[in-house]
Structures are given as structure tokens and as C-alpha cells.
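Here is a short report for a first look at a protein chain. Read it with the model in view.

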Amino acid sequence: MMDVQLVQEQAGGLGFDLCREFNPALLVPEQRIRAYCIENRCGSYDAHHMCPPRVGSLEEVTARLQGFPQGILLQCSRLLDVANDREGATRTKIEFHRLIMRLERRVRRKGITQLWGLIGGNCELCRVCTAVEDKPCRHPQKARTSLEAIGIDVVGLLEGLGLDGRFHSDRITWTGCLLLGGDEASG
């Protein structure tokens, strides 16, 4: 449990609005959520290295999750006209992604090396992902998958933890996590 306290201390200094310990066993990949990806409403299915089907089957994801006994749920909220500011939404998503990476670096420097950082929404580090050309990722050390991409019902997770899972028109909230685990699970 000392690892969780260390992560919370490090996260507190980075500007996360929420940094809360949770049991990663609550992360249950669902076919219902993966089906949204397959419908491809966002246009990312098989077009991003960090989106399905490239992130593994639900069975593979479930097996990987089992190697992480500790978790920290992370959120950042920013005031934003969600319906009319797509650039702002993308900017805040990338900022959240970078915060997760900064937290990972800080935690690794403190000696915790078995981590899995998960972001909110699809990875947008590149304007066009090389997956569309079936080429390797330009930034494999920086790219992160999202909770949604691995089949997690984020709204259900938040509500199950007693947190606000609603969408708001005047602010955007990104949810991700940092999982802490065993040797075979690092990533």
C-alpha cells in the first residue's frame, strides 16, 4: 500500500483533480463496450495503434489486468464548451495523456517500475496515426491506450465508485488510471 501513497503524492503535485485508490478488479472488459468501438462511430477502429482491434482481445486484456493488484483512478476537468470546441477537447485530452506520462516517469524514478497507464479517449499524439498505413507506431514509448479501448464502461465504473459519471456541456472531464503490478504485467 506504500506504492499507492507514493503515487497519490506524486499525482497531487501534477494537477490532477482526482487521484483515488481503487481496486483494479473493478476493471472488467465488456463486449458491450468493445461493440461501440467496432461500430466505429469515432473513426478510430483499426485506425489507431492504441484502439481495437490492435490493443488485444478482451480475453488478452483481462489476463493482463490480473497482473495489477493496485490502482489509482485519475481525472482532470476543464471548463469547455464541449459541443462547440473540438480543438479544446482534443487539446485537453492530449494534456491529460501527457500528465499520465509525467506521473509514470515520476513514479518510476521513485522505484516503482511495473505500471500500466491508461488514458481517456483515443491516443492523439499524432495527427494521423501510422496504423492507417499499417506502419509501426511513431511513439511506442509514449502512446497509451484508453480505458474505453480495453472495453471498460467508464461511466459505470465512476458511478460504482460514487463519482459523477455524467457528461456536462460546460466542462470536459478525462478519466484514466495508473495500475501498479507484477513483473509479467508491465507496460
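## Overall fold

How many helices and strands make up the secondary structure of the protein chain? The chain has five helices and four strands. Helices (H or I, at least four residues) and strands (E, at least two) are DSSP runs, numbered from the N terminus. Along the sequence the pattern reads α-β-α-α-β-α-β-α-β.

This is a predicted model: local features need pLDDT of at least 70, side-chain atom pairs count only at pLDDT 80 or more, and totals for chains, interfaces and linings use all residues. Residues are numbered from 1 along each chain as its sequence is written, and side-chain values use heavy atoms, without hydrogens and water.

## Dimensions

The C-alpha trace spans about 40 × 35 × 30 Å along its principal axes. Of the 187 residues, 46% count as buried.

## His 49

His 49 sits in the loop between α2 (31-39) and α3 (58-65). His 49 is buried, with a relative accessible area of 14%. Buried means under 20%, exposed over 50%, and partly exposed in between (1.4 Å probe, protein chains only).

The residues that His 49 touches include Arg 54, Lys 135 and Cys 137. Contact means heavy atoms within 4.5 Å.

## Cys 137

Cys 137 belongs to the loop between β3 (115-118) and α5 (154-160). Cys 137 is partly exposed, at a relative accessible area of 24%. Leaving aside neighbours within four places in sequence, Cys 137 is in contact with His 49, Thr 130 and Ala 143.
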